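Let's take a look at the pockets in this model, and then at one helix pair. Here is the structure.

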Amino acid sequence: MEFRDLKRQYQLHKKEIDKAIESVLMQADFINGHQVGQLEEKLAGYVSVKHCITCANGTDALQLALMAWGIGKGDAVFVPDFTFFASGEVVPMVGATPIFVDIDADTYNISPERLEQAIQYVIQQTDLDPRVIIAVDLFGQPADYTHIRQIADKYHLLILEDAAQGFGGSIGGKKACSFGDISTTSFFPAKPLGCYGDGGALFTDNDEWAELLRSYRVHGKGEDKYDNVRVGMNSRLDTLQAAVLIEKIKFFDEEISLCNQAADEYNRQLCGIVKVPVVKEDMRSSWAQYTICLAESEQRNRVMRVLREEGIPSAIYYKKPMHLQKAFELMSDCGEQGCDTSMGICERCLSLPMSAYLSMKEIRNITSIISKLENERG
Ligand SMILES: *Cc1c(COP(=O)(O)O)cnc(C)c1O
């Protein structure tokens, strides 16, 4: 059994995907082929945002956004304490200081109350200039943008939506990647919309930022790539990946629906037995991960071990809170209020297999093993 079943997806759509790849091989324009612009148009339309700028991966996308805003030394950037490392890694990459913020105990997304406390802490007790909130749509559910936007407006901060996991999710029908001043996603194969290698994209309604991002992603180009008006990056999406994504986006909404059905079945079987994911009213998750929370860390490890013995993969996203990562040792800050919720979840969370191609029978097999282990605990 696969943790995220990419093989069944390919088997099902092999004909169209092979044809798309072959046409790039025949064209032989592996960089800047017409599929890249075509994909950007499709993605912008899908999200209902004016500009989509593709790039090499989701990490570069975050960094490019901070570069376009001129974030650097002396700036504070607020990042949830419970996320993939890249959400925070890009902050010191541009010379700024990450401030890690505790999460909501139900959604595992950044807590708006804790965010405001962290901003006040930075204003009152540091020399840093608060500039950006990186809000992550963790496991597929969009962050609480209603409250995050109120806070951003109050303190004049920019919102960078990290929708690497949230692409395909929505709030009241409004799609993920439309909530940030700039929003980003990743097309890493296991993400909700994955390509066959690395890939990423940025979204914004702002014309000036869009132009800057297009420059920064190709060596700070001016008129063309041999006219360099700023120091940038080499961060383009391959034509091959764009061609694959153009095919995959055609059945993407159907896959999100199937993932939601799989999550509903998991919930039905596990509700009352372990803590199941909480999706708030009006929110739709893209189910990048289906993550349960066990009573304690030994039980989490036992469930993981027994599943593995039965040939069922599971994964711990995430084992370590951001503020305890060695890489941030000398620069990070959690403010005064700490990150207790995040630390507790790291000890007890477990992500189960999730994909559009998971059968109800497979789900019931997984949930019956977990139920049995929970019963044995008494
Ligand atoms: C995967 C991921 C990224 C980075 O994306 P890459 O394409 O792997 O660079 C950033 N943020 C989050 C939350 C992610 O899950």
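## The largest pocket

The lining of the largest pocket has eleven nonpolar, ten polar and four charged residues (Ala, Val, Leu, Ile, Met, Phe, Trp, Tyr, Cys and Pro count as nonpolar, Asp, Glu, Lys and Arg as charged, and the others, Gly among them, as polar). Its volume comes to about 480 Å³. Of the 25 lining residues, Phe 84, Gln 165, Ser 186, Phe 188 and Lys 191 sit closest to the centre. H3, helix H4 (86-93) and strand S8 (182-186) each give two or more residues to this lining.

A pocket here is an open set of points on a 1 Å grid over the protein atoms alone, where a 1.4 Å probe fits, with protein on both sides within 12 Å along at least five of seven lines; lining residues have an atom within 4 Å of a point.

This is a predicted model, with local features needing pLDDT of at least 70, side-chain atom pairs counting only at pLDDT 80 or more, and totals for chains, interfaces and linings using all residues. Residues are numbered from 1 along each chain as its sequence is written, and side-chain values use heavy atoms, leaving out hydrogens and water.

## The second largest pocket

The second largest pocket holds about 170 Å³ of space. Its lining splits into four nonpolar, two polar and five charged residues, including Arg 214, Arg 217, Lys 221, Lys 225 and Arg 236.

## H3 against H7

Leu 64, Ala 65, Met 67 and Ala 68 in H3 meet Leu 212, Leu 213 and Tyr 216 in H7 (contact means heavy atoms within 4.5 Å). By class, that contact has seven nonpolar, no polar and no charged residues.

Conventions: Helix = DSSP H or I, 4+ residues; strand = E, 2+ residues; numbered from the N terminus. Points joined across faces, edges and corners; volume = space filled by probe spheres on them.
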